[in-house]
Amino acid sequence: MSTPLPVGVSRRFTFLLVVLVFVLGTGISTGYALWRLRTETMDRQLETAALTARAFEEQLTQSFNVIDRTLVNVAEVRRAAGELSLALYRAPYLRSISLLDQHGRVVASSDERNLGVHLSRRDFLPQTDAPVAVLRTGMLLHGRDFHDLHPAAGDDGVSFIPVARDVHLANGHWLTVVASVNTDYFLNFYSNHLPPEQGAVELLRYDGQSLLRSDNSHERGNSSRILSHVEETESGRFVETLSGGRMVLTAYRASRSYPFVLVVRLDKARVLAAWRREALNTAAIVGAILLAALALAGIYFLRFERVARERERDQAQLRIAATAFESQEGIFVTDLDGRILRVNRAFTEITGYAAEEAIGQTPHLLSSGRHERSFYAALWHAIKQDGCWQGEIWNRRKSGEVYPEWLRITAVRDGRGLASHYVSTLTDITQRKEAESRIQNLAFYDPLTGLPNRRLLLDRLQRALLAGEGLTREGALLFIDLDNFKTLNDSFGHDIGDLLLQQVAQRLGACVRDSDTVARLGGDEFVVLLAALGVNAAEAGARAQAVAEHILQALNQSYDLQALEYHCSASIGIALFRDHQCSTEELMKQADLALYGAKAAGRNTLRFFDPEMQDAVSARAELEKDLRKALPQQEFVLYYQPQLDSDGRIVGAEALVRWQHPQLGLVPPLRFIPLAEETGLIVPLGLWVLESACRQLALWAQQPDRAALGIAVNVSIRQFRQPDFVAQVSRVLKQSGAPASRLTLELTESVLLDDMEDVIAKMAALRVLGVRFALDDFGTGYSSLSYLKRLPLDELKIDQSFVQSVLSEANDAAIACTIILLAHRLGLDVLAEGVETEAQRQFLIAQGCHLYQGYLFSKPLPLDGFEQLLPRA
């Protein structure tokens, strides 16, 4: 739906449209008149050119008629050379008259220099070999006469037009008379009647040859176009563009007696020069008149516009005043005595009082009774001093409901500056107050349980620390986490989980005092703030423990979750605090550490924060920071533990990574390998171990006495799960040049529990390259015979926990024997780890195990130490 234009804009648009139409109309009318004048001028000049061409053509034809009669007369009387000269006086436009013999040679001439000149009959039009009794013309020749012919020397050279006449004599013979026509005669005649600056004359033959031109320019007209018109009509006129781009008015006329076309060309620019001057003068006069008319119209419009705007402004103010009074804000007007004179519709909607009920009454009609006299005294004092007052006030509707409103009272002053009326505007802010309350709840309370959220908890915790300052009162902070809550969510959905959280919140609230705070941090994490528990840590700790045990007991009771009976336990971490011994952030961290301690202890229990726990966490964080820098700073080294056969020969080694810390020294693997697994650093670390081991394999392969040695590399589950693990191993083998058949990748049974098909696919791809696989720590994890027959394994490794007890524990011995027997049946090699005594070795030999690794032979050694164990070539 289109929006109507404002009145002022519409008025200006109409004025501009009228002006535009007037200007366009005037311009079009003037342009049309000038165009008609131009057209008439062109037509007149074309007519003038046509008349000129006709006059020139008639003069030319008459002249050539005289020439024809002169030549016939000369032939009939056969005058001598002297008499031929006398004939020229009657034809001043001829330079010479000559007689030809039958061979075309001049035998008599008024100019003796022409004697002997040979002329061809075919040089004249119309061309014919036989005599014909008509005057024929040749091409324009350059020179004074027949004896002086020479090539063209430009437009200023002397030229003439040769003509010939065959005359049939009385004796029956033919005599040919030729003459040279002086072109200057005709050019002078044309120039006298048509000055060169106005136009030019050109004489054409029917074959397109130009016989004479009155102008010296190099611009040429389109003779072929003229000759094509001549075929249709003997005269015509048109506008023509010359070869130089100049436009001319062209008129032509063909001679009826001779093969000539006379062309007159008038310069178009010169012809229209007078019209242009007249057009400019006309345009200037019209433009001046138009500007004057527009100026007068503009002045009139501005005066009209100013009057119209003033009228519209007055009307708009009246409409604004009426609209403002009927706005969404309630308005009532009183006199100086406070009696209501007028109210608007919004006042009735807000208060419930109709206009007839309110008019004549005082604002006391709306009083809620909640404000003291001093409040109203201050209100009127502000109005009398400042002329207005605004603020929140409680009023009462007609229904008796008390509601909050925003009230503004303004004094209306007369010309003397004295108050004459009071205008009050009121807005019902009930919804705003409710929204503020909801925002307050959203900002400080958990929407699911209605408990305080983290922000409000931290605020109350800070207040508790400040309140206990100087009072030597201990408090406690309890972190509560529901055990296995994620399982409930995953099994029955988040709706059931939310229902459990709501019931937990209710039970927690029932376990504490009204002065304590129960908050929800998010998820299944709750916090209880217990303040003023005792004057010392022992008393506060005992009371906190009692509350925590009561909470554990309450939370262990069964829950009714929409006909689902559910049992849930919780873990609680407790941190004691006393005034400002620590910050709120530190206290929260301590309670969180205690909670992790409770979870580590088996869940469904409570633990107090222990400073040693903080030290362990800090040390772990520091170790993680150093671990992230260790690989770039090349702090890792490889140790090699020999692997021997039953004859005591070293057949290979297991590559074991060690961390040479710059401050801590050699860090045991049990300290940093689990940390690397948790942080994901095990992936780049494992790749470094693989690259280092392959480089060493490549070096050994170049030494004949060590070429048969192999290296076993442990692969973590996170490293094996990398999508490009196969590509990584292939790239390392290719870049290092290590023999793939000497590389053994050791996997643990945990790798096999993820995606069996992916594991088999990766192992098969690497087996194609020649890489060997060993299953490490077999029997300690989830051992399954079903995957053993599917995996492309080469070796089983008996865990050292079984090997070390084969002589003392019958079960361990039985497991070791079973593993050896299983490996043999599956066609796999078997290697025993942790062999420390000769008796263990002998037991394993007796059972058919012929590969060993352990401290009986050597502990893990640096490369130099390991190579010293190898026999010399």
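Which residues does Glu240 touch, not counting residues up to four places away in sequence? In this predicted model, they are Gly221, Asn222, Arg246, Met247, Val248, Thr250 and Arg265.

**Glu240**
- Glu240 sits in strand 10, which spans residues 235-241.
- Its relative accessibility is 1%; the residue counts as buried because that value is under the 20% cut-off.
- Arg265 is one of the residues that Glu240 touches.
- The two side chains, Glu240 and Arg265, also make a polar contact at 3.1 Å.

**Glu356**
- Glu356 belongs to helix 8, residues 355-358.
- Its relative accessible area is 66%, so Glu356 is exposed, the cut-off being over 50%.
- Arg342 lies 14 residues away from Glu356 along the chain.
- Their C-alpha atoms are separated by 9.3 Å.

**Largest pocket**
- The volume of the largest pocket is about 1,300 Å³.
- Its lining comprises 42 residues, and those closest to the pocket centre are Glu654, Leu656, Pro669, Asn714 and Asp776.
- By residue class, the lining divides into 18 nonpolar, 13 polar and 11 charged residues.

Note on methods: Residues are numbered from 1 along each chain as its sequence is written. This is a predicted model: local features need pLDDT of at least 70, side-chain atom pairs count only at pLDDT 80 or more; totals for chains, interfaces and linings use all residues. Side-chain values use heavy atoms; hydrogens and water are left out. On a 1 Å grid over the protein atoms alone, a cavity is a set of points where a 1.4 Å probe fits but cannot get out, and a pocket is an open set with protein on both sides within 12 Å along at least five of seven lines; lining residues have an atom within 4 Å of a point. Grid points are joined across faces, edges and corners, and a volume is the space filled by probe spheres set on the points. Ala, Val, Leu, Ile, Met, Phe, Trp, Tyr, Cys and Pro count as nonpolar, Asp, Glu, Lys and Arg as charged, and the others, Gly among them, as polar. Helices (H or I, at least four residues) and strands (E, at least two) are DSSP runs, numbered from the N terminus. Buried means under 20% relative accessible area, exposed over 50%, partly exposed in between (1.4 Å probe, protein chains only). A polar contact is a pair of N or O atoms within 3.5 Å; within protein, one must be able to donate a hydrogen and the other to accept it, and residues adjacent in sequence count only if both atoms are side-chain atoms. Contact means heavy atoms within 4.5 Å.
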